[in-house]
Amino acid sequence: MKSKSVIMKSLLLFVIAALTLSACSTAAPASDASATDWNTVKSAADGGGMDALIAAAKAEGELNVITLPRDWCNYGEMIDSFSAKYGIKVNSLNPDGGSADEVQAIIDNKENKGPQAPDVLDIGPAYGPLAKEQNLLAPYKVETFDTIQGTNDPDGYYFVDYSGVMVLEINADVVKELPTSFMDLLDAKYNGQVAIAGDPRASNQAAQTVYAAAIANGGTLDNLQPGLDFFKEMNKKGNLLPLIADAGPIAKGETPITFQWSWNAYANKDTFAGNPEIEIVYPSDVNWGGYYYQAISAYAPHPAAARLWEEYLYSDEGQLTWIKGYCAPARLADMVSRNVVSDDLKAKFPDATLLAESIVPNGDQLSAARALIKEQWDSVVGLDIHK
């Protein structure tokens, strides 16, 4: 794990000349894909190479993904393109859930491997080590693993997929005087207007909102209490709404001000196309960055398709698809060094300095923060955030 006060330079230096890393591997001799136990395969080469993996995944014919809204990081296009390329049906489970729901889904379906059992996960940083500790993940390294920058598990149990920064997404048709900071949101003029994009007890994005609020209110990466106190005060003033802010309530003006990852805010702005008008504010009192992990379930009902999905996500094609959804993918430096990313796509990101200098806690700090929020949200803040 990285040390305290981690800076996202390892993930986001697309403005700095990057070294081209070799991700080549020697393919193993061709083997009978049907005789391979893909649940135990740790790389495509171990299973006989990409051709063998593709054949086995096509034979399985399906893939179960979980908590992937189509407008999150452009996952709609990602799913459609993968399905069309390989002829594999993608089943999307619980698209509006959180990271905790993903981990729980593996636990609940360990024995049956039925239609509600996820093959792959896209989870917040605290949940990667947690799921590994519970023996819920399978180690696997994609062919481009050596070019994935970030706090990856060295054996491939989990690895960084994309990153961005925390912003305020504001429905400007409702909010005429825009807040510029977290602290502004305590003002009486924002009564009944502020919402979180998830339940902080279960959602990585929502929990990190509380963490960011701690820094904005004088806390540290090891002292989350000011964040909980901030939301307690906002709730007391009547400014904090009990509604989870997703695209529907934002568009309707029901949740006019939302704490949001930058990629979600920009995706909503594109989707709404001015109806309503969306303003995106980078808060002046905290520059908070975040990233997510990919992982494969140790109990995947479609283990070959799960591995092929990861290969696709971490191919240049998959990484560019994430960029279209305003996410900075973990292989960005490698692709920029090879002139794979167009200037138009580079413009999809927030300010490069903000990305490079944003504050990101390490995995241990995130795990401690998640546990504290889950334990104290009800007693300190006292507001149930729900649909």
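What follows is a short chat about a predicted model of a protein.

Q: How many helices and strands are there in the protein?
A: The protein has 15 helices and 13 strands.

Q: What does the C-alpha trace span along its principal axes?
A: The span is about 70 × 45 × 40 Å.

Q: And how does the radius of gyration of the protein compare with that of a compact globule, and why?
A: The two agree, because a compact globule with 387 residues would have a radius of gyration near 21 Å, and the protein has 21 Å.

Q: What percentage of the residues is buried?
A: Buried residues account for 58% of the 387.

Q: What about contacts, how many join residues at least 24 apart?
A: If you take the contacts between residues at least 6 apart in sequence, 77% of them join residues at least 24 apart.

Q: Let's do helices. At what angle do α7 and α15 pack?
A: Helix α7, residues 225–237, packs on helix α15, residues 363–381, at about 30°. Their axes are 10 Å apart. With that angle, α7 counts as roughly parallel to α15.

Q: Is that crossing left-handed or right-handed?
A: The crossing of α7 and α15 is right-handed.

Q: Which residues meet there?
A: From α7 there are Q225, L228, D229, F231, K232 and N235, and they meet L372, Q376, W377, V380 and V381 of α15. By class, this contact of α7 with α15 has six nonpolar, three polar and two charged residues.

Q: Now α3 and α11. At what angle do they cross?
A: Helix α3 (residues 75–86) and helix α11 (residues 316–324) cross at roughly 155°, and their axes come within 8 Å. That angle makes α3 roughly antiparallel to α11.

Q: Left-handed or right-handed, for α3 and α11?
A: Right-handed.

Q: Which residues of α3 and α11 meet?
A: On the α3 side they are Y75, E77, M78 and K85; on the α11 side they are E317, G318, T321, W322 and K324. The contact of α3 with α11 divides into three nonpolar, two polar and four charged residues.

Q: Which residues of α11 are buried?
A: G318, Q319, L320, T321, W322 and I323.

Q: Where else is phi positive? I'm thinking of N94.
A: N94 is not a glycine, yet its phi is positive, about 40°. N94 lies in the loop between β3 (89–93) and α4 (99–108). With a relative accessible area of 39%, N94 is partly exposed.

Q: And N135, what is its phi?
A: Phi of N135 is near 60°, again a positive value in a residue other than glycine. N135 sits in the loop between α5 (127–133) and β5 (137–138).

Q: Is N135 buried or exposed?
A: N135 counts as exposed, because its relative accessibility is 58% and the cut-off for exposed is over 50%.

Q: Is the peptide bond from N275 to P276 cis or trans?
A: That bond is cis, with omega near 5°. P276 is in the loop between α9 (262–272) and β10 (278–281).

Q: Changing topic: where is L241?
A: L241 is in strand β8, residues 240–244. L241 is buried, with a relative accessible area of 13%.

Q: What does L241 touch?
A: Beyond residues up to four places away in sequence, L241 touches G192, Q193, V194, A195, E254, T255, P256, L383 and I385.

Q: Where is Q193, then?
A: Q193 is in the loop between β6 (159–171) and β7 (194–196). Q193 is buried at 14% relative accessible area. Leaving aside neighbours within four places, its contacts are V174, V175, N239, L241, T255, P256 and I257.

Q: N239 is on that list. Where is N239?
A: N239 is in the loop between α7 and β8. N239 is buried, with a relative accessible area of 0%.

Key. Residues numbered from 1 in each chain as written. Predicted model: local features only at pLDDT ≥ 70, side-chain atom pairs only at ≥ 80, totals over all residues. Heavy atoms only, no water. Axes fitted to C-alpha atoms, helices over the stretch in contact; angles between N-to-C directions. Helix = DSSP H or I, 4+ residues; strand = E, 2+ residues; numbered from the N terminus. Parallel < 35°, antiparallel > 145°, perpendicular 65-115°, else oblique. Left-handed = near helix turned anticlockwise from the far one by under 90°. Contact = heavy atoms within 4.5 Å. Nonpolar A, V, L, I, M, F, W, Y, C, P; charged D, E, K, R; others polar. Rg over C-alpha atoms; globule rule 2.2 N^0.38 Å. Buried < 20%, exposed > 50% of the residue type's maximum accessible area, 1.4 Å probe, protein only.
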